[in-house]
Every structure is written in structure tokens, then in C-alpha cells.
Amino acid sequence: MSEQLYNSYMEFKNNEPNPLAKDVIGNYLESFGASSTDISDLDVELIQNSYNMPHSFRRHHGLNHMTNMGQPDVPEKLAEITDGIFTEEQAKAIIAIAGLFHDISYKHIDAIDSSGNRAWSVELRNLIGDFANYKTTTQDGTTTYTTQLTEHGAQDPTALMVSHIFGMDDGGITNQQGGNEFDSALAAAKWLENKGADAKFIVATASAIAATVPFKTAIDQDEAGEITDGHMGDLAKKLSELNYNLNGQNHQPNWPTINAVMPLAVHMANRDVADFASQDNFSEIIRGGRNIKVEDLAELRQAGETTIRLLARAAGVERSAPFLYQSIAGKNNNVPAANVFHFYIRRDNEGKRMGEDCYPPLEVYKTATDNTEHNTELATIFFKSHEVGIVLVNCVATLMGRPDAPVPGIVDQNHWPKDSVPNNEQLQKLTPDEQKVYEELMHGKNQVTVDIVTTNRSPVSGYIFGTIGRNNVLKISDRIQRARQDAKKHGDPDPFCQHETARDILQATVDAIGPKAFEAIMDYLDNVRRYYRNDPDSQKSNPAFEHQLASVRRDFAVRA
């Protein structure tokens, strides 16, 4: 398949510099035939404040993500197949408004505390609070948010329409099932209803948001062995069964209408995960992943000094985005790469699938899936390698009696000696993909510094990766994960601050890579001793530090 053909479906453009401009949103409403096209400050604040709620101030799913998703981007091929049902301007408006609203609810990130208080912004609650509410339950340290219709919502046609599209039952819908997207779709639908938009556009917008529920089954087979379109086919079926009574008029989408709505919904869903689609885009993925990690770690939300204990805790690959990437890339993946992107098979007037008449074509979908597998594999190696470097420093610091050594300080990446790099012979053994991982770890040339703690590069991890190679790093990573899992059973978030665990990890490292390579790592740490406690100008020796590090070296030289 040509790159040009692939990009015609999977290239997502940003043509609108200010998607929250009042005249821009007003024009969308005008294309919907809305009775009110005036946009107030409150309308803008509903969207803007929801994406920028304190205390978390979302990093990845915040204002930048809203700006990217709220684009009136309809590729030429998409405009062609929706023509006759929606004008190009209407199609762009559906995509843009759905994009602006699609993540305004993000309860498990926006909640101010474990009780779930203020998981909706004030503006969002004012809009949908009469029609829905949520409850929280906590089990094994994980809080689940379940949205349910209120008594009033259970009588409201628009709330019932959104519930039907999402398949909500009497028990409600959890955030894992798509509860955040439900909240967001309900908000978009009620907002459009309040503006007097036509029912057809309200349904299309809610459907586009429903399509963004992540990692639903994308491809399957029916009893005859024919390919089916999973989540998108399910959404299409729900639309075919919909009877939306708005202001005394029934709206029942027919199949020609559904065949226009669903490709728009697919485009919205695929745009939401677009970073995975590009070939060799792992550096972009890890940049976003490093930001997402910050969202669920209070100790990394604060700029300034932290400790190696907390940095090792934060480096855990079981968290947030890194866990997602390894879930996609792993051999026993519980989030198959095939479920990241979606396609829709057009139906005839009787609702029967029309062979492989898909948007996007199957070969485009399969290429996006292949790119996802490759990108997440490299991202997983990156995050595991980063964790290995930080944890090994944590273990050494623990055995030195300094488990709370300050950062910046013992691992201040800005002041590593430039000559502390793997030798050329070691680097030449790296494969092209491994070289990419090494460059991002050691130099972070495609990364950004999130704050003084979450810096753009991790030379200690880069040095270890370049010195001992991918396979050895992954062996050590497996041992680290077992230690974390064992500690979690006992409620210990910092196992590498325990002497016994620290010794076990360092011994496992010696066993995996051999004494010579282990000594090279210790030489590396010895070489940066003068920068302990972030004192690059003095370059003074620190006798206590040197003595403690030498003691660890001697211990493992004997054990090795």
C-alpha cells in the first residue's frame, strides 16, 4: 500500500488555530440549523474549564488534546461518502463539536481525592447534573466511577437517547466501560439541544463520542467466517434501533444516514489515538506517556526536589500510559493492538454488511495496527529500561544508607560527565530499533522536560541500556516487577528501599549481566560521585559518599 493512500485516511490535520473561538463554534451551530448560534463566555468555560480543572491540570488529556481533537478535519474521501446526508460543513461541525466535548469528563483523573469529590467541573455538573450523577466504589485501592441516570434523566428523551447508544443498563456505566465518554456525550447532546440543533446532528455528535470509548473489539468474525467491524458494527445496530423523540418529533436513523454517521465516528475514534498510527513514531508516544504518568502521581505534580525513593516509585511501568503500552505490546496482551484503531463496513438498506466496503479500507486499518504494535513495543522497552536505571540507583543508594537521597542530586541528568557513555563497541551491537531507544534515554532529543524531576532524558538508564543491551535489561526488569508485585501484597510502595530487596535486585543484575558489566555500571556511578547533591561547580569529593559507594562495590565484587 502506498504512503499516499495510507495518509489519505490516517493523516489528521490541524487547520483551526482557535477551536474555542466564539465565531467558529457559532458557525458550527449555524450549519446544524440551531435556533441559537450565540456563544457566551459560559459556553466556552464549560469546555475550557473541564479540560483545565485543578488540582490535576491534566497534561495529556488537557487543553492541548482538546485543541487537537476539536478540529473540523474531514478528509476528502470522508467528505465523499457522507455527501448527500451531511454537507461538508456539517460533517466538519460534527467532528469538531464531538472533539471539543469528547473528554470533558475524565472522572478518575479530575477527582480531587479518593472519595471522588469534584470529579465533574462545576460547569459540567450544571449542564448534566439534573439528568445523571455518579457514585464511587473502591476495591483493592482502585476507585471506580459509575454514572447513572437520575429520576429526571430517566424521563428525558436526550438522556435516554445517549443511554441507548452507549448500551447503559439499570446499573449504570463505569468509567472502564465508557462512563467518561457517556458523560461527555450527554453534555454535548444537552448543549446542542439547548441551542436548538436538529436531532440528526445531536445523534451524530453523540455517536462520534461513543466511538472513542477505547479498546473495544474492532475486528471479529461471524459464524460464516466473514469479517465484522466489532464496536462500530454494534454502534451502527444501536442507531438502527433508535427512536429519538425530540420536541414532539421522532428521529429514526435509516441505513443511508447511519452509513454517513459511522465513518465520521470512526474518524473521530482514530484521531483520538492517532499517535500510534504513524510508522516509527515511538518517540512521540513516549513523550505523551511521560506526561500521562504525571497525572496519577502527586509526587510528580510538584516541581522541585524529590528523592530517589519517590523517583523509583514513579518510574514503575505498571502505571498509566507505560502499563497501557506493555498491555498492547505484550505477548499476553489484554489490549490487543487490533483494538486500537477501528473501521466500519457499510450496510445496505436492509442493514446487511456490504462485503469489505469499509472506511477506512481494511489494508489501512491493518497497517495502522502493525504500526501500533511496533511503536508500543519500543515504548515498552523504553519505559522498562528507564525504570531499571532508576531502580538500580535506588538499590545502590539504599545499601549506601541513603534511600532518600535528593533528586536532583544523586541522579541529576543535567550534570553527568559527558564521557560517561557506553563505548563504541557496545553501541555497535545495538539493533536500529535499540539505537532509537538508547538515543531517547541518553539524549532525549525528541523529549521535553516536564518539570525539574521529570526531565527530558535519563542518562543513567541510557548508559545501562547501552552497556548491557536490551535482553539483559528486560531480564532485570522482570525481576523488578516481581519485587514490586510481592511488595504490593504487603502494602509497601518502596520495596527497593529495603536492604534485602535492594541486595536481591543487585545480585540478580550481577547474575544476568556478569561481574564485568556490573563493574562498568558501578564505575559509571563512581564517575559521577562529585555531582552528588547537585554541586557541579565545586567538583569536590565527598568522602562519605565515596566510602559508602566503595563498600557496595566491594560487597558485590565478593558476591560475584
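## Reading helices, strands and burial

Q: What covers the buried residues of α2?
A: The cover over the buried residues of α2 includes α6 (88-101), α10 and α11 (199-210). Buried means under 20% relative accessible area, exposed over 50%, and partly exposed in between, with a 1.4 Å probe and protein chains only; contact means heavy atoms within 4.5 Å. In helix α2 (residues 22-31), the buried residues are Val24, Ile25, Gly26, Tyr28, Leu29 and Ser31, and the helix is followed by Gly33, whose phi is positive, near 70°.

Q: On what basis should these values be read?
A: This is a predicted model, in which local features need pLDDT of at least 70 and side-chain atom pairs count only at pLDDT 80 or more, while totals for chains, interfaces and linings use all residues. Residues are numbered from 1 along each chain as its sequence is written, and side-chain values use heavy atoms, with hydrogens and water left out.

Q: How many helices and strands are in the protein chain, and how are they assigned?
A: Helices (H or I, at least four residues) and strands (E, at least two) are DSSP runs numbered from the N terminus. The protein chain has 24 helices and 11 strands. Of its 560 residues, 56% count as buried, and 73% of its contacts with a separation of 6 or more are between residues 24 or more positions apart.

Q: What span should the 16 residues of helix α10 have?
A: The expected span of a helix is 1.5 Å times one less than its number of residues. For α10 (residues 179-194) this gives 22 Å, and the end C-alpha atoms are 22 Å apart, which agrees. Because 14 of its 16 residues are buried, α10 is largely enclosed by the rest of the structure; Gly196, which follows the helix, has a positive phi near 80°. Helix α22 (residues 499-513) can be read in this way too, since its 15 residues reach 21 Å from first C-alpha to last, close to the 21 Å expected. Its buried residues include Ala502, Ile505, Leu506, Val510 and Ile513, and just after it Gly514 takes a positive phi of about 90°.

Q: Which residues touch the most other members of the largest nonpolar core?
A: A nonpolar core is a set of buried Ala, Val, Leu, Ile, Met, Phe, Trp, Tyr and Cys residues joined through side-chain atoms within 4.5 Å. Here the largest one has 164 residues, and Phe101, Met161 and Trp191 touch the most other members; helix α18 (residues 362-399) gives the most to this core, with 18 residues. Leaving aside neighbours within four places in sequence, Phe101 is in contact with residues including Leu46, Ile47, Ala188, Trp191 and Ile209.

Q: How many disulfides does a search of the whole structure find?
A: A disulfide is taken as a pair of cysteine sulfur atoms within 2.5 Å, and the search finds 0. For Cys395, the nearest cysteine sulfur, that of Cys497, is 8.5 Å away, a distance too far for a bond. Cys395 counts as buried at 0% relative accessibility, and Cys497 is buried at 10%.
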